[in-house]
Amino acid sequence: MQEFAALLRKQDRQPVRYLVVDDSVFARKNLARMIETFGGQLAGEAGDGAAAITEYDRTNPDIVLMDITMPQMEGIEAAERIVQKHPEARVVMVSSVGYQENIVAALQRGARHFVQKPVKPEVLYEVIKYVMGEDGAVASAAAAGAPGGAGGAQ
Amino acid sequence: MKMELIQPFINAADAVLAQSLASPLSIGNLSMEEEAYRRKGMAAMVRLTGDIEGRVIFDLDKETAVRVARCFAGAELPESDDLVRETVFELANQVIGNAVTTLNDQGFHFRVHPPVLHAAEHGAKNSEDTEALVMCFETASGNVFMNIAMQYGCAQVKGAAAGSHA
């Protein structure tokens, strides 16, 4: 696994907190592993859009990584509902279905960015940095994966 | 056999397997199949309807699926039927999602149905119109079989007959 300089929240220098939403256990594990290498913290997980809305309210993450095709409620609709309720929410769609119509629909309904599966860690890292914008800060490489940093769900 | 419809699936499978398994792979056996599909391990079938109609089957034996699962997750995972099923479904979703992206950007619109477990030892017999291409991707984790039968949907065929461009 590649190493990355830790991405932190600028305001308090704490790890960026992520909500990972995907109906595939593998995809969630894979994203959680990447988040760890980015020095982030897994705030919560959800297996469908409806659960994502509940988990967002519960965990108030900095970033949501959201699959599109899921049972119960699809990711684009869940993203729209989250952003309607929390306009500051940063939702990044992560899907294998990356055709233009889908991307445009996601962006029009509140998503900030799109990453195609299979996810390349270096691409996701850059997208997270971009989406965090001025609220994010890059720490030294040694901070990534440091104790108390990544991995623990709250 | 409409290679222009099948090629995006081959390219997607090649790309997804190479990246997810982080190892080189090659295409081994390649054959046309008019007879019913004979399942080799745990198989997931995805149907497409619309401008393009047909189905794709991904088929892995249990040991291969467990090794692929460990590559996907980047961690040791306990072996179980659920793990094997989830692996085959995830592989199907990623490959088909990537292929659909290419085909959709070419102007084809169709519905991708959720993957279903292809539980029967033998599938339904293919018709001449849905002659299937069976490919074996030889990977470091084992062999991954992909069986594709794809054709233009009714609207596309009628449009072509009428001289219109779909």
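These notebook entries record what I looked up in the structure.

**Entry 1: Conventions**

I worked with a predicted model, in which local features need pLDDT of at least 70, side-chain atom pairs count only at pLDDT 80 or more, and totals for chains, interfaces and linings use all residues. Residues are numbered from 1 along each chain as its sequence is written, and chains are lettered from A and ligands numbered from 1 in the order in which they are written.

**Entry 2: Chain A overall**

I took helices (H or I, at least four residues) and strands (E, at least two) as DSSP runs, numbered from the N terminus. Chain A holds 5 helices and 7 strands, in the order β-β-α-β-α-β-α-β-α-β-α-β from the N terminus on. I called a residue buried if 20 or more other C-beta atoms lie within 10 Å of its own, exposed if 12 or fewer, and partly exposed in between, with C-beta atoms placed from the backbone. By this rule 47% of the 154 residues of chain A count as buried. I counted a contact where the C-beta atoms of two residues, placed from the backbone, lie within 7 Å. Of the contacts in chain A between residues at least 6 apart in sequence, 68% join residues at least 24 apart.

**Entry 3: Strand 4 of chain A**

Strand 4, helix 3 (residues 75-85) and strand 5 of chain A form a right-handed β-α-β unit. I read right-handed as follows: with the strands pointing away from the viewer, the path from the first strand over the helix to the second runs clockwise.

I then listed the contacts of A:Leu65, leaving aside neighbours within four places in sequence: A:Tyr18, A:Val20, A:Val21, A:Leu31, A:Val92 and A:Val94.

**Entry 4: Backbone details**

I found a cis peptide bond between A:Lys117 and A:Pro118, with omega about -5°. A:Pro118 sits in the loop between strand 6 (113-116) and helix 5 (121-132) of chain A.

I noted a positive phi, near 45°, at A:Asn60, a residue other than glycine. A:Asn60 belongs to the loop between helix 2 (49-59) and strand 4 of chain A, and is partly exposed, with 14 other C-beta atoms within 10 Å. B:Ala22 likewise has a positive phi, about 50°, although it is not a glycine. B:Ala22 is in the loop between helix 1 and strand 1 (26-33) of chain B. Is B:Ala22 buried or exposed? B:Ala22 counts as exposed, because 10 C-beta neighbours lie inside 10 Å.

**Entry 5: Chain B and its helix 3**

Of its 166 residues, 43% count as buried. Of the contacts in chain B between residues at least 6 apart in sequence, 69% join residues at least 24 apart.

Helix 3 of chain B is mostly covered, with 20 of its 25 residues buried. B:Gly107, whose phi is positive, near 105°, follows helix 3 of chain B.

**Entry 6: Where the chains meet**

I found 18 residues of chain B in contact with 17 residues of chain A. On the side of chain B that touches chain A, helix 1 (3-21), helix 2 (62-73) and helix 3 (81-105) of chain B each give two or more residues. Helix 3 of chain B supplies the largest share, 10 residues.

**Entry 7: The largest nonpolar core**

I defined a nonpolar core as a set of buried Ala, Val, Leu, Ile, Met, Phe, Trp, Tyr and Cys residues joined through C-beta atoms within 7 Å. The largest one has 92 residues, of which A:Val64, A:Leu65, A:Met66, B:Phe58 and B:Val88 touch the most other members. Helix 3 of chain B gives the largest share of this core, 11 residues.
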